[in-house]
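Me: I would like to learn how to read strands, helix packing and chain contacts in a model. Could you take me through them step by step?

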Amino acid sequence: MNLSALVLNGMVAAPVVLVVLVLLVARLSEAAAVRVAAFGGLVVLGWSVWLAALSQTRLDGTAVDVPWLAAIDVRWHLGVDGISLPLLLMSTVVFACTLLALVRNAPDCGGTAWLAALLLLIEAGVLGSFLALDLVLFFAFFEVALIPMWFVIDQWGDAHGPRGLQQRRRAATRFLVFTVLGSALMLVGFVVVRSETGTFDIVRIAASYDPVGPVALTAAALVALGLAVKTPLWPLHIWLPDAHSKAPTVGSVVLAAVLLKLGTYGFLRFWLPLVDPGWDWLLPVVGGVAVVGIVYGALACLAQTDLKRLIAYSSVGHMGFVVLAAATYTIGGVQGAVYASVAHGVVTGLLFFLAGAVKDRYGTGDLRELRGLYGRVPRLGGLVAFGAMASLGLPGLAGFWGEMLAVRAALFPAGVLPRVTFVGFAVVAALGVILASAYFLALLRSAFQAGETGASPPPAVVAGDVSRWEWLVWSPLVAAIVVLGVAPGLLLTPVAEATVAFLGGGR
Amino acid sequence: MNLVQSIDWLAIAAPTVLAVAAVVVLLVDAFLPRPLLPATLTLLAVLAAAVPTWVLWGDPAQSTFCTGDALEGPELCSFSTDAFTLVVWGIVLFGTAVVTLIGTAAVADGRTPAGEWHFLLLCSAAGAVTLAASRDLVTLLVALEVVSLPAFALAGLRRGDPRAAEAAVKFFLVSVVATAITLMGISLLYGVTGSVFLDGIAAGVATGSEPWSVLVVGALLTVVGLAFKVAAVPFHMWVPDTYVGAPVAVAAYLSVVSKAAGFVGLMLVLGRGLPGLADTWAPVVAILAALTMTAGNVLALRQTHAVRLLAWSSVAQAGYILVPFGAVTPDDVGPALSGSLGYLAVYAIVNLTAFAVAAVVGTRHPAQRLADYRGLVKEEPGAGWPLAFALVALAGLPPGVIGLLAKVLVFDAASRVTWLVVVMAVNVAIGLVYYAAWLRELFRPAAEPGDSTYDVPNGVGVAIGMTFVAGVLFSVLPGWLLDPVLAALG
């Protein structure tokens, strides 16, 4: 096995090996197992950095391409380029942070080692999905993450409230059923594509597939529908708020920061090559649905009374920006989509960590009860303000560029697309940015600034402001938000190059 | 014409061994009753039958019991061991061996007579093996009855259990009606085409036998009879009561080997005999498939009895296996049906794991409530993990990669009929609800510590181990199982 094959296969295998290791150590000592998992998260992060460094110079893209199920031409085909690499790195960073967080912040119901093992298993599936260049392999890796995530919500989720346990189970099962429905529909689209192209290899499809006719349109529509459930796009997002609000903190972080990105990455890597921009309705409809999601997410946020649900709905809006950018079918659109995906990953990951920290301290995430947190936990409050500003798209922080590029791409869509429609989308999306400012500012004012008026704030369950360990866990995300905000070129150039190479020039 | 047929003894060795062994087991148990002897003999017989299967694999496409010669036209054979036959033999023999092992638990409790149980099992297996090799409708129907008749007796075998008796009677009545319908269909097909040989019927259809309408009616009636065997809607009502009433080992046999026999019959009659009519029967089977999986999944949602849940789940799975039939076109039979065969092979392995664990749990918790499975992973990991694996594989999710790939196979084989694949996609999602609910029980702590510890009978332990190892192995290296299986019909 040469170096490239070792690095690529190892990227997927390393988390799986760590799962086994963690479970073995857990038989001796739970605490040690969690430490092993946290250390493992760092190892995988390091491995992904190694992969990134090699990919600049001498990574052989054809190194891992062997038959896996020869009968229907499914291949074990892994590779990485400028589109997947940023998402891959973002994922390993987020997973390293969540695993580190578990070391000091164990869930109440115990079983931390198991939780860490499940997170590593999810990581294996996620990394595999970003590396897979075969449609079925992508589907299979996609599914790897689901059962572990279902367990994370079902076993470690929040069971507060009179019917909390039942609600938690329902949230977990709904997440599972919706996501599997999405991937099954996507798979239907994939097999129809194979009946057209004779291959599951996305590199060959991207290079030579010319989607014409009703069958090709059906395939692209089915794949879009499947990915729309997973991303999620309005109106298929209904599994998301429950799953987020019931999941434990680390579960919410992984779900929002990483699992949603599989959907948006799917749109870029596995949907755009299946689409002919000349079709009358597919791209405009997807763009339109995305824009509705942006506005809907913002309005829903204004009505939320739970901190985690609010962040969850804000994700619906952000995913709308990503998909709108993808639907413009331009290089600028892909740049915007990748940028917004990565930015959403670090920003929303941070926000869910912070929401979890608030909930740990006050036993509730109910915005009607939380009051005056600036005064009581100033550093935590400051971080929430920072995250909220990044999320609403303040220039200079990560969130800005993704939304700006998405709106700009919508102003200049691919030549064959109806320009007026997309300009309309751009205007509405810009309105969504303003609405997002409104709900985050409202959140800051009610829960963090407002003083003594109204009901008295809930007493602190755990006293104290941000601990050192929390600083350690969160600082990579904070740093990433700032770096991405001030130096967007780091990301935009490789994405553009990869897009030209993958999708061909002139798009 | 040659009056003395030359018989290829190697080709018919497998069914012969099983049939002879059936009689031997019955006699030995009558004169030399030892608790483990019949099971051992049965396993040896299955192994012995596997030897010719293995030998023939190197040199398939042997045929025997042929008529006709160069003067009378093409040679037509009743019995043929091509790659398809051998793959089915593999599934049947594996299934029979596992069921024998699961059955040791039922025999051990003393209410199931060992000699009769193994005699009936071997008879039925001999029928299934013959069925896969049969290439004319008469042999096929006789073989199908040889599969079914012992199965009625098996379902009612448990002494002093009125539920088992009722299940057997119900099963028997529905089955007899189905057979009568099939016979009617076969007689019509023979009347129109003038041949009972599948290849002869195919040739007759291709040359445009008249009247067309009678041919179509004959084909549909034959399909109806076989649809009963695979428990397709609306012939599925017997399944849950029979599975619950019968010993778990018998339910396992019905859901895997007997059901496989039904699918093999469908593949032979439709794929080999009536490909020319595919435009007529494929849409009918497509609708049957959609109804079957939807009914199975929806009715499984409310079950709290583990075996009854498995029964409905197996109805749903039968719907999935039927899906590729719905996408067959007259000139594209093999590739479509190989999706079904591949799924069948995977289903056999993982479904047997689930039934084997259910047999273990049944030794302490005969009520088989889902709640009785609490704590199984923690307290009895040797049974809990395999069941968890089997459930995710049946649901089609990793780590049960083999189950996921089986669904990919079916999707791929049926991609031409997109609506049907979309229905299946929705069904896969519905099915998750009940598999996940059961999975959750496995990982919950037991109600009382020690409530989920079992004295796993050795035989069942081996059965669990065999099927679990096979499932995991093929999840990592799916090509080892699926490449030869798919090549068989390719």
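This is a predicted model: local features need pLDDT of at least 70, side-chain atom pairs count only at pLDDT 80 or more; totals for chains, interfaces and linings use all residues.

Me: Which residue of β2(B) does B:Cys66 stand opposite?

Reply: In a regular strand, the side chains alternate between the two faces of the sheet. In this pair, the residue of β2(B) opposite B:Cys66 is B:Cys77.

Me: Is strand β2 of chain B mostly covered or mostly open?

Reply: Strand β2 (residues 76–81) of chain B is mostly covered, since six of its six residues are buried. In chain A, strand β2 (residues 74–78) is mostly covered as well, with four of its five residues buried.

Me: How many bridges join β1 to β2 in chain A, and in which direction do the strands run?

Reply: Five bridges link strand β1 (residues 64–69) of chain A to β2(A), and the strands run antiparallel. One of the paired positions is A:Val64, whose bridge partner in β2(A) is A:Leu78. The two strands form a hairpin with four residues between them, and in the turn A:Asp73 has a positive phi of about 60°.

Me: At what angle do helices α6 and α8 of chain B pack?

Reply: Helix α6 (residues 162–193) of chain B packs against helix α8 (residues 212–229) of chain B at an angle of about 155°, and their axes are 7 Å apart. Because angles over 145 degrees count as roughly antiparallel, α6(B) is roughly antiparallel to α8(B). The crossing in which α6(B) passes α8(B) is left-handed.

Me: Which residues make the contact between these two helices?

Reply: Among them are B:Ala178, B:Ile181 and B:Leu188 of α6(B), together with B:Val214, B:Leu221 and B:Phe228 of α8(B). Sorted by class, the contact of α6(B) with α8(B) has 16 nonpolar, seven polar and no charged residues.

Me: How many residues of chain A are in contact with chain B?

Reply: The size of an interface is often given as the accessible area lost when the parts come together. Here we can count residues instead: 28 residues of chain A are in contact with 29 residues of chain B. On the side of chain A that touches chain B, the elements giving two or more residues are β1, α5 (135–144), α6 (146–156) and α7 (164–197) of chain A. The largest share, 13 residues, comes from α7(A). By class, this side of chain A has 22 nonpolar, three polar and three charged residues.

Technical notes: Residues are numbered from 1 along each chain as its sequence is written. Chains are lettered from A and ligands numbered from 1 in the order in which they are written. A residue is buried if 20 or more other C-beta atoms lie within 10 Å of its own, exposed if 12 or fewer, and partly exposed in between; C-beta atoms are placed from the backbone. Two strands pair if DSSP finds at least two bridges between them. Axes are lines fitted to C-alpha atoms, for helices over the stretch in contact, and angles run from 0 to 180 degrees between N-to-C directions. Angles under 35 degrees count as roughly parallel, over 145 as roughly antiparallel, 65 to 115 as roughly perpendicular and the rest as oblique. A crossing is left-handed if the near helix is turned anticlockwise from the far one by less than a right angle, and right-handed if clockwise. Two residues are in contact if their C-beta atoms, placed from the backbone, lie within 7 Å. Ala, Val, Leu, Ile, Met, Phe, Trp, Tyr, Cys and Pro count as nonpolar, Asp, Glu, Lys and Arg as charged, and the others, Gly among them, as polar.
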